[in-house]
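Work through the following exercises with the sequence and the coordinates open side by side. Each task is followed by a solution that goes step by step.

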Amino acid sequence: MAGRFDPRTPATTRTTTRGGHVRVPAPAGEPGGEPGAEPGSEKGPLDLDLGLTLGPLRRGPGDPTFRTTADGSVWRASRTPDGAGTLRVRIRGGAVAAEAWGPGGGWLMDRLPALLGAEDDPVAFVPRHKLLALTHRARRGLRLTRTGLVLESLIPSVLEQKVTTDEAYRSWRLLVRGYGEPAPGPAPEGMYVMPEPRTWAMIPSWEWHRANVDGKRSAAIVRAARVAPRLEEAARMPPAEARKRLELVPGIGPWTSAETVQRSNGAPDEVTTGDLHLPGIVGWALAGDRTADDATMLELLAPYAGQRHRAARLILLSGRVPPRRAPRFAPNDITRW
């Protein structure tokens with residue numbers, strides 16, 4: 001395994017962050033639940049890394065819907081079918097402890113096991129490369145989350161189309177804070193629940209512009225919001241069928257549908273194609289080929305059929321990337337137009 005990256009001592013990089021790496025502070029104590037919370041949920045001892053499992057749901061360090069706190073908690077604010085809800089999850093004494101608030105709190109608690117990867121089967125993954133074997137062992141607490149919510153992953157994925165991640169994260173922050181609602185319960189300051197579908201559909205064109213979202217992306221989000229109930233049904237479909245349902249909406253293609261169902265459906269085999277960087281990263285990690293395209297990437301991942309998304313995530317989490325040869329992609333600030 002050539003290169004200076006060792007998954008046994010991983011560092012935080014843009015690549016590992018994209019792989020779903022979020023640092024969750026080690027808890028300094030074990031405080032009890034707050035008044036008004038849904039009943040706590042505690043399971044038996046388990047091998048679970050909250051930062052790896054829930055990390056893909058965070059859209060940048062300033063995401064208003066996601067927060068980690070010094071006591072080792074992960075907080076999420078979600079728009080559920082029952083309304084807004086806030087969820088707090090932590091590992092306490094080798095078990096999961098969780099509380100939820102708001103109209104959607106009960107819905108979030110009911111689906112907590114799936115969110116934490118109870119429907120995932122990491123044993124099904126058999127490493128065929130040394131890099132993946134080492135990373136799989138080092139990241140044994142990784143589980144593939146399943147949120148059961150489509151729009152909360154679809155909309156930020158649309159925002160990430162053909163722009164830098166920093167641009168997309170800023171757009172997401174501005175729109176959620178501007179049109180969402182404060183997270184219910186004792187959530188950390190500055191947490192918000194994303195807007196309702198009708199609100200997304202009613203955002204004026206000039207506000208999209210101020211958030212640095214061009215007309216093509218904003219139109220795709222508006223179209224998706226108008227058929228939100230039909231799209232949310234995709235969370236209960238097999239991943240391939242779910243992607244077909246999403247791609248019926250103009251402006252939502254294979255890249256966006258894959259990024260969505262990986263989170264909403266917990267799909268272990270749905271690979272992101274059409275990505276600017278992923279084929280080269282996979283090609284470099286598995287074959288030393290930095291020029292790999294989608295076809296080459298899929299060929300390299302073929303031995304992991306059924307677990308190709310997990311394999312790609314482990315490659316990202318390994319931090320094994322080709323040396324840079326060009327400057328980073330320059331942001332395009334349309335707010336100056």
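Predicted model: local features only at pLDDT ≥ 70, side-chain atom pairs only at ≥ 80, totals over all residues.

Residues are numbered from 1 along each chain as its sequence is written, and side-chain values use heavy atoms, with hydrogens and water left out.

**Exercise 1. The chain as a whole**

Task: state how many helices and strands the chain has, and what percentage of its residues count as buried.

Solution. Begin with the secondary structure, taking helices (H or I, at least four residues) and strands (E, at least two) as DSSP runs numbered from the N terminus; the chain then has 16 helices and six strands. Next apply the burial classes, where buried means under 20% relative accessible area, exposed means over 50%, and partly exposed lies in between (1.4 Å probe, protein chains only); of the 337 residues, 52% count as buried. For the surface, with areas from the Shrake-Rupley method and a 1.4 Å probe, only the protein chains shown counting as cover for residues, the chain exposes about 15,300 Å², of which carbon and sulfur atoms supply 53%. Finally, taking a contact as heavy atoms within 4.5 Å, 69% of the contacts between residues at least 6 apart in sequence join residues at least 24 apart.

**Exercise 2. Strand 3 and its partners**

Task: determine which strands are joined by bridges to strand 3.

Solution. Two strands pair if DSSP finds at least two bridges between them. Strand 2 and strand 3 run antiparallel and are joined by seven bridges, with V74 having V89 in strand 3 as its bridge partner; a hairpin with two residues joins these two strands. On to strand 4 (residues 95-101), which also runs antiparallel to strand 3 and is joined to it by seven bridges, with L87 standing opposite A100. Strand 3 and strand 4 likewise form a hairpin with two residues between them, and G93 in that turn has a positive phi of about 60°.

**Exercise 3. Salt bridges**

Task: find how many salt bridges there are, and which parts of the chain the pair E160 and R59 ties together.

Solution. Count every case in which a side-chain nitrogen of Lys or Arg lies within 4 Å of a carboxyl oxygen of Asp or Glu; the count comes to 19 salt bridges. One of them joins the side chains of E160 and R59 at 2.8 Å, N to O. E160 lies in the loop between helix 6 (151-159) and helix 7 (165-179), and R59 in the loop between helix 2 (50-54) and strand 1 (66-68), so the pair ties together parts that are 101 residues apart in sequence. Both E160 and R59 are buried.

Turn next to R88 and D71, whose closest N and O atoms are 2.5 Å apart. R88 counts as buried because its relative accessibility is 2%.

**Exercise 4. The surroundings of D275**

Task: is D275 buried or exposed, and which side chain does D275 join in a polar contact?

Solution. First locate D275 in the loop between helix 13 (254-264) and helix 14 (278-287); D275 counts as buried because its relative accessibility is 13%. Then search for polar contacts, that is, pairs of N or O atoms within 3.5 Å, where within protein one must be able to donate a hydrogen and the other to accept it, and residues adjacent in sequence count only if both atoms are side-chain atoms. Such a contact, of 2.9 Å, joins the side chains of D275 and W255, and a polar atom of the D275 side chain also lies 2.9 Å from the backbone nitrogen of H277. Leaving aside neighbours within four places in sequence, D275 is in contact with R18 and W255.
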